[in-house]
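Please read them with the structure open beside you.

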Amino acid sequence: MIDLHTHSTASDGTFSPGDLVNKAVSQKLKVLAITDHDTVAGLEEAKKASQNQDIIFIPGIELNIQWPTGEFHLLGLGLKQVSDDLNSIITYLQRQRETRNQKIVELLNKDGFEMTMAELIDRFETESIGRPHIAQIMVEKGYVKQRQQAFDNFLGKGRKYYVDRAGADLSMASKAIKNSGGVPVHAHPLSLYLSINSLETTMEEIKAKGVMGLEAYHPAIRVSQGQQLEKIARKLDMFVTAGSDYHGKVRADRHLGKTAGNEKINDRFYFEELAKYLQ
């Protein structure tokens, strides 16, 4: 069992990078990738925690990409260093994140929801504050009962307090990941809100912009959909990965080492797929 898509407290997970590695070891995972949103801040801690343990640690990142439909997230797996161009993209995305957060807080304040950016920063101590943290504050202040309710009623796309956020250029992000020794993988492609039938043409465009792999299996989809995505990847000569998108207790529906259909993530997605690109 492995996992190629997880999050720590360096972004919006609930386990520190070191604790996440230890949890993976305790559950006997053979491979773990930490892919925090728009940051590499937790990778060194995770790398140290993985030393002398029976696990392969994959340093990674998940970048927000500018795209006309849905949400486009790009995984960078197997980072060996942070290139200048990747560092520039991270800085840009973090500034965009800060601007967006401030706008959301201001909109909430106008309607009587009391919170400040300083409060968010003090509470979570991460450089990647985002909507999940705002939702958690709303829970703690009694505005909603659960974080998902905050998204469903207030913060989700199309809701009153949703604010768009600019993303990185796909070609530039793919190149930056490669310059950092990693490989770019399209995360949860159905988040583009395209049908399976129309996705193949889009994936051809995405591959042409430097993306090498496709995360075909993700807990937000059915196994049958993952199988369809894997067929598209094979047809386009892209390798396939699978992940849990694990965040810890804040996403109780997602489990470390498990993916679509709550199935264990097969070792083949690393040893027969990704590993050959990380030599």
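1. Asp-36 is buried (under 20% relative accessible area, with a 1.4 Å probe and protein chains only) and yet has no salt bridge, Arg-97 being the nearest side chain of opposite charge at 9.3 Å. A salt bridge here is a side-chain nitrogen of Lys or Arg within 4 Å of a carboxyl oxygen of Asp or Glu. This is a predicted model, in which local features need pLDDT of at least 70 and side-chain atom pairs count only at pLDDT 80 or more, whereas totals for chains, interfaces and linings use all residues. Residues are numbered from 1 along each chain as its sequence is written, and side-chain values use heavy atoms, with hydrogens and water left out.

2. The side chain of Asp-36 does make a polar contact of 2.7 Å with that of Ser-8, the term meaning a pair of N or O atoms within 3.5 Å, where within protein one must be able to donate a hydrogen and the other to accept it, and residues adjacent in sequence count only if both atoms are side-chain atoms.

3. Turning to strand 5 (residues 183-187), five of its five residues are buried, so the strand is largely enclosed by the rest of the structure. Val-183, Val-185 and Ala-187 cover one side, while Pro-184 and His-186 lie on the other.

4. Strand 5 pairs with strand 4 (residues 72-77) in the antiparallel sense over five bridges, and with strand 6 (residues 213-217) in the parallel sense over two bridges; pairing requires that DSSP finds at least two bridges between the strands. Val-185 stands opposite Leu-75, and its bridge partner in strand 6 is Gly-213.

Notes:
Buried < 20%, exposed > 50% of the residue type's maximum accessible area, 1.4 Å probe, protein only. Lys, Arg positive; Asp, Glu negative; His and termini not counted. Helix = DSSP H or I, 4+ residues; strand = E, 2+ residues; numbered from the N terminus.
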